[in-house]
Amino acid sequence: MYHRYLNLPFEIAKPPIDFTVKPEWENINLNGKYMDQNVKSFFEDLGLECGQVEVVYTPPNSEIPIHGDDYNFKTKKCDSHVKLNITWGPEEGSVRFWKSKKTHVMIYRVEGKKILTLAAEKEDSTMVYEANTNSPSLINVGELHSTYNPKDEPRWTLCFVPTIKGKIIKPYDALRIFDEFIT
């Protein structure tokens, strides 16, 4: 599973941040700064918590490089798990999923915290799936993925990480948990 559209019983509100200015970081951690109360109630009704809230910015005429979230040094791969995403931006924008035989670990910092991710170069990879996320979507962020924005307007994605007792949710569990909302 790479991606599934969700038919939610509510609208996810655009967060009150300035969507006209490129942020200092492409990935902004909103924990403690913003929470959509409809998403919070929805997760609680499903027996879930929201482990993290973030915004991902893809500049005009650009893309975010191929990567997988939450690299695990013990297993030497990314932990397969889902996020609930909604994007504001051009309809032609997308999230793309990739397979690659040549990967490397990338280290970057967000708000002083060291983050590890698995990364791959486009020339060493093959795109296997692509979807627009301008409507609510479950995304498997443990798979290699990138974002694509071919237009002159910015692309912003709001991400909620559903968890159970503080643990991320595997895609096969997410399909069961969100079953009645998957289109």
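## A charge over a ring

A charge is said to sit over a ring if NZ of Lys or CZ of Arg is within 6 Å of the ring centre and within 35 degrees of the ring normal. In this predicted model, R96 and Y148 provide such a case: the charged end of R96 lies over the ring of Y148, 3.7 Å from its centre.

## Confidence of the model

The chain has a mean pLDDT of 89, and 91% of its residues reach 70 or more. Among its elements, strand 11 (residues 125–131) has the highest mean pLDDT, 98, while strand 2 (residues 27–29) has the lowest, 63.

## Nonpolar cores

The largest nonpolar core has 24 residues, of which I12, F42, F43, L84, L158, F160 and F178 touch the most other members. Two or more residues come from each of helix 1 (37–45), strand 3 (49–58), strand 7 (82–88), strand 14 (155–164) and helix 2 (171–177). Another core, of eight residues, lies apart from it; Y71, C78, L116 and A120 are among its members.

Leaving aside residues up to four places away in sequence, F42 touches L8, P9, F10, L84, F178 and F181.

## Aromatic pairs

The structure holds nine aromatic pairs. One of them joins Y2 and F97 in a tilted arrangement, 5.0 Å centre to centre with 40 degrees between the planes. Y2 lies in the segment before strand 1 (3–5) and F97 in strand 8 (residues 94–100), so this pair ties together parts that are 95 residues apart in sequence. Both Y2 and F97 are buried.

The ring centres of F43 and F178 are 6.4 Å apart and their planes stand at 70 degrees, so this pair is edge-to-face. Because F43 lies in helix 1 and F178 in the segment after helix 2, the pair ties together parts 135 residues apart in sequence. F43 and F178 are both buried. Ring pairs also link F43 and F178 with F10, F42 and F181 into a cluster.

Notes
Residues are numbered from 1 along each chain as its sequence is written. This is a predicted model: local features need pLDDT of at least 70, side-chain atom pairs count only at pLDDT 80 or more; totals for chains, interfaces and linings use all residues. Side-chain values use heavy atoms; hydrogens and water are left out. A nonpolar core is a set of buried Ala, Val, Leu, Ile, Met, Phe, Trp, Tyr and Cys residues joined through side-chain atoms within 4.5 Å. Buried means under 20% relative accessible area, exposed over 50%, partly exposed in between (1.4 Å probe, protein chains only). Helices (H or I, at least four residues) and strands (E, at least two) are DSSP runs, numbered from the N terminus. Contact means heavy atoms within 4.5 Å. pLDDT is the predictor's confidence in each residue, from 0 to 100. Rings of Phe, Tyr and Trp (its six-membered ring) pair if their centres lie within 6.5 Å; planes under 30 degrees apart count as stacked, over 60 as edge-to-face and the rest as tilted.
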